[in-house]
Amino acid sequence: MLYNKPDPQEVKVLTRRFGLENSASIDTYLATDGYQGFLKAREMTPDDIITEVKTSNLRGRGGAGFPTGMKWGFVPRTSPKPKYIVVNGDESEPGTCKDRLLIENDPHQLLEGMMIAGLAVDAHAGYVYIRGEYRYLIDILDKAIAEAYSRGWLGKNIQGTGFDFDVYTQTGAGAYECGEESALLESLEGKRGVPRIRPPFPAVSGAFQCPTVLNNVETYSAVPSILRDGGAAFASLGTPRNGGTRLFCLSGHINRPGVYELPMGFNLLRMIEEVGGGVWRGKKLKAVIPGGSSCPVLTADECDLAMDYDTLAKAKTMLGSGGVVVMDEDTCMVKAAMRIMRFYAHESCGWCIPCREGTAWLRKLLIRFHDGGGARSDIDLIGDVARNMLGRTFCPLGDAAAMPTISFVEKFRGEFEAHLAGRPCPHEHADHLALV
Amino acid sequence: MSDLVHLTIDGKPIEAPAGTLLIDAVRKYGIEIPAFCYYEGLALQAACRMCLVEVEKMPKLQTACTLPVAEGMVVRTETPVVADARKAMLELVLTNHPLDCPVCDKGGECELQDMTFRYGAGEGRFNETKQHIDEKQWSPVVFFDRPRCILCYRCVRICNEGMGVAALGIANRAVTSEIIPNEADHLNCDECGMCIDVCPVGALTSGPYRYKTRPWEMDHIATICAHCADGCKTTLGVRNNSIIRANNRDHSGLNGDFLCVKGRFAFDYGASQERLQTPLARVDGKLEPISWTRALKTIAAKFGEVRQRGGAFGVIGSNHTTNEENYYLQKFARQGLGTNNIDHHRTGDVITLIDALAGKGGQLATVEDIYNAPAVVVLGCDLSHQHPMLAYQLRANVRHHQAQIYPITPGPVREDNQATRSLRVDKGGEVEALGSLAAELKQAGGVVILYGDPVKGDAVRKLVDFGESLGVPVKYVALVDYSNSRGAIEMGLTPELLPGMTPSNTGGMRIGQMLASTDLDVLWVVGANPLKNRAALAGKPFLVVQDLFRTETAEQADIVLPAGSAYEKNGTVTNVCGQVQMLKKGIGAMGTKTDLDIFALLAKEMKLDLGPATPDALLAEIRTTVKGYDVVLAVLATGGAAMTGVNGPVAIDVPVDAIHSANDTMYTSGSISRYSKALTSLMEYPGELYSGKSK
Amino acid sequence: MTFSPELEAKFDKLMKSYPPGRLRSALVPMLLFGQDELGSITPELIDEIVNRIGVTRLQVQEVLSYYSMLHTKPLGRHHVQVCTNISCLLRGGDKLWDHVCERTGLKNKEVSADGQVSIEEVECIGACSWAPAVQVNYDFHHNVTREELDRLLDGLEKKQ
Ligand SMILES: Cc1cc2nc3c(=O)[nH]c(=O)nc-3n(C[C@H](O)[C@H](O)[C@H](O)COP(=O)(O)O)c2cc1C
Ligand code: SF4
Ligand code: SF4
Ligand code: SF4
Ligand code: FES
Ligand code: FES
């Protein structure tokens, strides 16, 4: 199902079947070039498959933007251990709601991407880890998997090619941290979602301590078209080193929020104005979080940017998971920072001191500050505590909490000052202590 | 892993074997990197972030506790950035930690307090409310105070990896994370207190010790645990002539950081209300107090008289007394009393092993061997119950060296959890069952075989034949029960053997015969309780008992002399592996004398010349005269363990029927345990061998 | 204990989903699916899982207390989850939450006296582009207005 209208500027590669009748069924899939990428890959050597993916300039859509082909190349293909393909469908980064659509509307595309990865690294089993809240997706995917088995597109000797591949679904049960790759693997092994010490990385020791390819749903979903139409074609849709299209999730104060597939490098202001229909209620733009809540916020003045990994990195923020959160002129930035910190304080796995204690401290501090109980020295303190976490935590969740906080304080200091003692939120009074 | 790599640390060139963790590599050069979660020998956590250091070419600070050294690495541990990171971690961890060191039980030996002092910021900037959670008691010995916990997970790991118990876990997440016990609100575990020992802060505290004293108010005396034969080093915390706690403070010795429940808590038996404080003599059928002078005179007179008329003596020695005491006692018996009727409760067949290994040398395993051997076989023993420290070393061997282990026992044991293969056989069938492992053991390339009391006599010879047939290095341990069982055998407390396992070639009664004899005129029992599970003596000898308590045997005595415990004397003991260590007197007990002093006073009273009777002089004599005991004094004196070199052949008939383990569990210790409040408080379930469980 | 045939089938499938010796992997799914059927994670469910996949009770406790969707106390038959995270907040998710609290008279994670309704303020549920979003049990409701929420709550009351 589609939850928002498509936009004419979209370039539909991964979403090309969205909106077709029974788009999730294997018949629809097969009728629209489905599994052709796999059949092509079956004729190629693993090295050639990986080269094709490298050529596509596909970079991980889960957040970090790591080149996918290179990641696959790290798997010791000749290891005697079994290898696994794991899909990160935990999608919990605030502002992000795209993987959900990919599984709901085109589950076979994901399965095909997994199978191609399996061919590339000699893996014969895969797990799709889906956040617990997305229960209906497990049903959809299980159904697609069952169809694929019954039609010979999964299981032993797929379509007579001699290639075996099994896929299982696995549910999470409420934990943002389980989207972090090594915590996900722990969860998959029936444990608390606490990350692992790395190295070793999953490519060498991942699921069940075996070599593992772990990618985001959208990353795998891009692979069939790359194999089918060639890596170069995919690459050419984007900007140099940032191949293809990606699903942007426009949300917040915008007229046409929704998930849109746009070429990498699409200008952010145009995205807001043209695709998203502009800031709602005729308001002015104040700020944008360009890639999910973990990314430093951009002021309206900073938004004339090409949305690709490298450009955003240069702007000291990140493309992240593609969650573009738009804030209008009336938004209370202190409240936004406070709400985001409440999230991280709730989701910290608690393993390491700086993240566990830092997020808890900042949460209390920001709530008090937002409620009007702040002192001038608190403004620097918020930044200091966040900086004390930065780069020192066990996993990137600590950074994900610290980076936006630092950016909010630095870029919207005036709003923090406006909240000082005796002058509670000029926008409104809020008092949210419920979570945690 | 022995390749050396070279790196630079704070400008100094250093080297370390490849694979060494940075935090360990620098320690040798006097550089201390602060750490909470890192604990040598346990799984890495990288959780506390205290050990962050700068490493050239790496953009972020690195955790020294997880970073293996590499050739050419350039590390800085004292830059402003590193100092800032440490300060930040301390500030963060203190946000939810009470700032009341003066009232905390850990004050004075708290790692957090020390670190805050060294690396912390002066003023706290945390102005929010702290979480308050009430302290909980999890067991008679374990208390938990959540707000003090810094979540270093040492307790969880020591219990899981170290003890093999896994009674502690982590619940919840984020700042609500906390350590939890396995039974919701209490612990069902060994009660070893290892978790308390490793806790860097005052979050886990010891029931018997908490709030009794301050560390600096105690004297710290390093000695050897008085209970089982493993010979753990322990530091007694002594104040006002009483022992307040025991832990192996400096982690030296055979046991490293380890102490079991007995070692850690059962030092209190000597302070029991039931402790004898004055000699007793039988008057009108009842034991009444008498003075030491009268008691000694009476005994000396009786001994003299019996000796004069060529009457019969029987002497039963102890598994707990020191080598020096045992040596002197056998001298007393043989030279002073002219009898070879001397024995002790034998708990394992050491003698056959020494004979079977005659002339081979180097095949008696040390504790270190149990930690290092590629394969270890345990025959007929519930090691975690009966030899907690050996079991601890064995678990460490599996963790650190992936040793193969094979328990061959009549029922489930904890070692099964890590076993390559476990075999279940009835007692007596162990050696035969071992045959099926020949190929695997050969493959392993080196084996240590530990055997309990079901393996004795011929079975030991067969065992050694089997070992020799493997063609790989094989070492053995004959498992015995108590703190100086080995020393009893080797100092000549049997009729068959003189000190150094030299055959006496003289007849003599063994315990059973003494107890059943109607001909003995005197029976002298030192630190033993042979009448524990037995009717009265068959005959009517003059019975002298030296003990701490009115045991079943003491109750039958004509004269009872109150003796000193192992924590109240100097001397040496020999552990299960044959490693000698030194006892150091921690306290004195009112009205008592050490067994050695008693012997000496009696000798003097009887005008016997048995040579000097101080621990030092006797040790010197033992070192020069007893075969295998020419150990290096400096090793003992500095708290080390010296391996003995007792060697065969030992051409005697070993009375195998006399060998029986007392089958103590980890909560019992012969007759002593019932006088330990700590142990009796845990005694609801004294534990059961071969149940695979603690309790 | 006995489960519905559907749940048994799910458990059976899980037991066959992992490499040999890796049954513990089934823990999180078993807890969540079991909770879906029983309303909460009961001691009996834990016993059953302990027996089937060979974990300890302590391990189960460690895991179930970690995941925010797992509960040992029953939720309402209709568990109303209101997202107030950033994208929803910007479109009034916090007001919706206030409204739900007021309407039901419940506080976060409380269950109504009749056991029919419970409410929870939740983190992002992956509906940010269609904010504010509400989930009732596993059903998503997008672009929720106060009026729609009232209708929804009325509907739940009728379903009772
Ligand atoms: C705290 C945290 C949460 C994350 N959550 C997700 C997630 O929900 N989905 C996802 O695909 N990746 C997530 N990631 C990124 C993963 O760790 C990993 O980089 C990614 O799944 C790799 O796939 P890709 O290369 O295809 O992006 C998260 C990372 C962190 C640190
Ligand atoms: S930064 Fe630390 S506490 Fe936070 S989620 Fe990662 S490991 Fe857990
Ligand atoms: S006392 Fe020993 S067995 Fe009990 S929880 Fe502590 S470490 Fe584990
Ligand atoms: S109780 Fe002590 S040892 Fe255990 S995690 Fe807390 S601080 Fe560490
Ligand atoms: S000692 Fe290195 S992180 Fe704790
Ligand atoms: S922020 Fe509410 S669904 Fe994402």
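Okay, one definition before anything else: when I say a residue is near a molecule, I mean one of its heavy atoms lies within 4 Å of that molecule. Keep in mind, too, that this is a predicted model.

So, ligand 1. How many residues surround ligand 1? There are 20 of them, and the closest are Gly62(A), Asn88(A), Asn215(A), Asn216(A) and Thr219(A). If you sort that shell by class, you get 9 polar, 7 charged and 4 nonpolar residues. And which strand gives the largest share of the shell? That's strand S4 of chain A, residues 212-216, with 3 residues.

Let's zoom in on some oxygen atoms of ligand 1. Take Lys71(A): an N or O atom in the Lys71(A) side chain sits 2.9 Å from an oxygen of the ligand. How much of ligand 1 does the protein bury? On its own, the ligand exposes 610 Å², and the protein buries 90% of that.

Now over to ligand 2. Here 13 residues make up the surroundings. The closest are Cys349(A), Trp351(A), Cys352(A), Cys355(A) and Cys395(A). By class, we have 8 nonpolar residues, 4 polar ones and 1 charged one around ligand 2.

Last stop: where chain B meets chain C. On the chain B side, 11 residues are in contact, and they touch 7 residues of chain C. The area buried between these two chains is about 660 Å², and carbon and sulfur atoms give 58% of it. What about salt bridges between chain B and chain C, how many are there? The count is 0. For polar contacts, though, we do find 3 residue pairs across this interface, with both residues at pLDDT 80 or more.

Which strands of chain B supply at least two residues each to the side touching chain C? Those are strand S8, residues 168-171, and strand S9, residues 178-181. S8(B) gives the largest share of that side, 4 residues. And by class, the chain B side has 7 nonpolar, 3 polar and 1 charged residues.

How values were computed:
Residues numbered from 1 in each chain as written. Chains lettered and ligands numbered in written order. Predicted model: local features only at pLDDT ≥ 70, side-chain atom pairs only at ≥ 80, totals over all residues. Heavy atoms only, no water. Polar contact = N/O pair within 3.5 Å; in protein donor to acceptor, adjacent residues only side chain to side chain. Areas by Shrake-Rupley, 256 points an atom, 1.4 Å probe, with all protein chains shown as cover. Nonpolar A, V, L, I, M, F, W, Y, C, P; charged D, E, K, R; others polar. Contact = heavy atoms within 4.5 Å. Buried area = accessible area lost by both parts, 1.4 Å probe. Salt bridge = Lys/Arg side-chain N within 4 Å of Asp/Glu carboxyl O.
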